[in-house]
Amino acid sequence: MSSYATLLKTRGVARIIAAQLTARFPFGMLSLAFLLHIEHTYESYGVAGLVLAALSIGQAIAGPLTSRLMGVWGMRPVIITTMIICALAITTIALFPIGIAADMVVAFIAGLTMPPIQPAVRTIYPKMVNSQQLTPLFSLDASAQEIIWILGPVVTTFVSLQIGTAWGILLAVAFLIGGGIWFVTSPELGRVRIPRSKRKLGVVLKKPPVLLATIVGFLLVAACAAIEAGVVSTFGEGGAEAGFVLAVFAIGSLVGGLALGHKPIGPWALARRMAIVFIGTAIAAAWLNVWWLAVTLFIAGIGIAPALAVMFAIVSASVRFSDTAEAYGWVGTGQLIGAALGSSLAGFLIDGIGSVGAFLVAAGLALLGFIVPFVGKRFHPDLRGRDASPIPDTEPVGMVN
């Protein structure tokens, strides 16, 4: 813990972590808020899954595009523009009953304009700390973001069920705007300029570690999305247990991230962490009791933040600084496509065979998430004793004062 305390004392680190967590807080709210609101409106988890899929597909398409635009237009203009459009789209879904097809279109627009906070902050981090601190910072960030998944579902469930499902969505909009303003006004965004990449869009995916992180991230988030849908379905709209179980799931990730964040990243690191996720998810499907799910999903959660931290580190160490934002955009795209797949499959199986179907889907996806890095071990960089900072570009990058 002393290493994390030292990190937080580094100039700007605590501020930028807090600002980006606030700006990204809607990510822990919107999926559940949309699920509750759309299911309440149309009385179908399948329809809710389709709207969530549209949201996630929009985000997936936007990921590498908006990330790359930050190297052309700058971080602040891109984030501010997307934030305004996204807030308007999300508000439309909350306030206006426009029909299933229209809801899907508007959700797609909301996803397409979701502010690229995560690629921006991942790109800033290597310029804020020394090379020895970077891997622990990635782990601290991956752990801290679990606050989003701990408080987000609890707040969303309480507001949506006690006040109204539309208010759950509108609260997410408030965090999106407030947190976004805090983030874009942070001095760090003015001190770091992302250089324009000279490579074609998508070329960065030819880097095996980037592709590995994208695929495994896709499977990991798909499993998490299926779990979330399964938990909500198990306890119903009126069950406060859903927020409790999802919070415990996220606490497991927070604990795992802090406990394993200092571990050296060897070639088996990602497979080992995904094995923890699979084991916990698989045994969760055996009994849909609140305490059983809390315990087993806590176990599954222990592997999540550490797995994400490994993905961030191997991507950072494998690409040039000018390509980092796009690389993280692709990783984010993989995760968002996973969210779409996990939500959709879980939604339809819930309608077909009941809540247990969502957990079976999650277990299958988590198993694949273990097999891929196990088989692809040779594509996994060995960062033990190595610098995880991005590869410097061949020409100097100017600093903006």
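Good morning. The protein exposes about 15,300 Å² of surface, and carbon and sulfur atoms supply 70% of that area. Please bear in mind throughout that the model is predicted.

Let me begin with the overall form. The protein contains 18 helices and zero strands. Its radius of gyration is 20 Å, close to the 21 Å that the globule rule gives for 401 residues, so the protein is as compact as a globular protein of that length. Along the principal axes, the C-alpha trace spans about 55 × 40 × 40 Å. Of the 401 residues, 60% count as buried. Turning to contacts with a separation of 6 or more, residues 24 or more positions apart account for 87% of them.

I now move to the aromatic residues. How many aromatic pairs does a search of the whole structure find? The search finds eight. A pair of aromatic rings is described by the distance of the centres and the angle of the planes.

One of these pairs is formed by Tyr125 and Phe138, with ring centres 6.4 Å apart. The planes of Tyr125 and Phe138 meet at 70°, and since an angle over 60 degrees counts as edge-to-face, that is how this pair is classed. Where do the two residues lie? Tyr125 is in the loop between α7 (117-124) and α8 (131-144), while Phe138 is in helix α8 itself, so the pair ties together parts that are 13 residues apart in sequence. Are these residues buried or exposed? Tyr125 counts as buried, at 0% relative accessibility, and Phe138 also counts as buried, at 0%.

Phe138 has a further partner, Phe312. The ring centres of Phe138 and Phe312 are 6.2 Å apart and their planes stand at 50°, so this pair is tilted. The pair links distant parts of the chain: Phe138 belongs to helix α8 and Phe312 to helix α16 (residues 304-316), 174 residues apart. With a relative accessibility of 3%, Phe312 counts as buried.

What sits over the ring of Phe312? The charged end of Arg122 does, 3.8 Å from the ring centre.

Finally, let me place these residues together. Ring pairs link Tyr125, Phe138, Phe312 and Tyr328 into a cluster. Thank you.

Conventions
Residues numbered from 1 in each chain as written. Predicted model: local features only at pLDDT ≥ 70, side-chain atom pairs only at ≥ 80, totals over all residues. Heavy atoms only, no water. Phe/Tyr/Trp six-rings, centres within 6.5 Å; stacked < 30°, edge-to-face > 60°. Helix = DSSP H or I, 4+ residues; strand = E, 2+ residues; numbered from the N terminus. Buried < 20%, exposed > 50% of the residue type's maximum accessible area, 1.4 Å probe, protein only. Lys NZ or Arg CZ within 6 Å of the ring centre and 35° of its normal. Rg over C-alpha atoms; globule rule 2.2 N^0.38 Å. Contact = heavy atoms within 4.5 Å. Areas by Shrake-Rupley, 256 points an atom, 1.4 Å probe, with all protein chains shown as cover.
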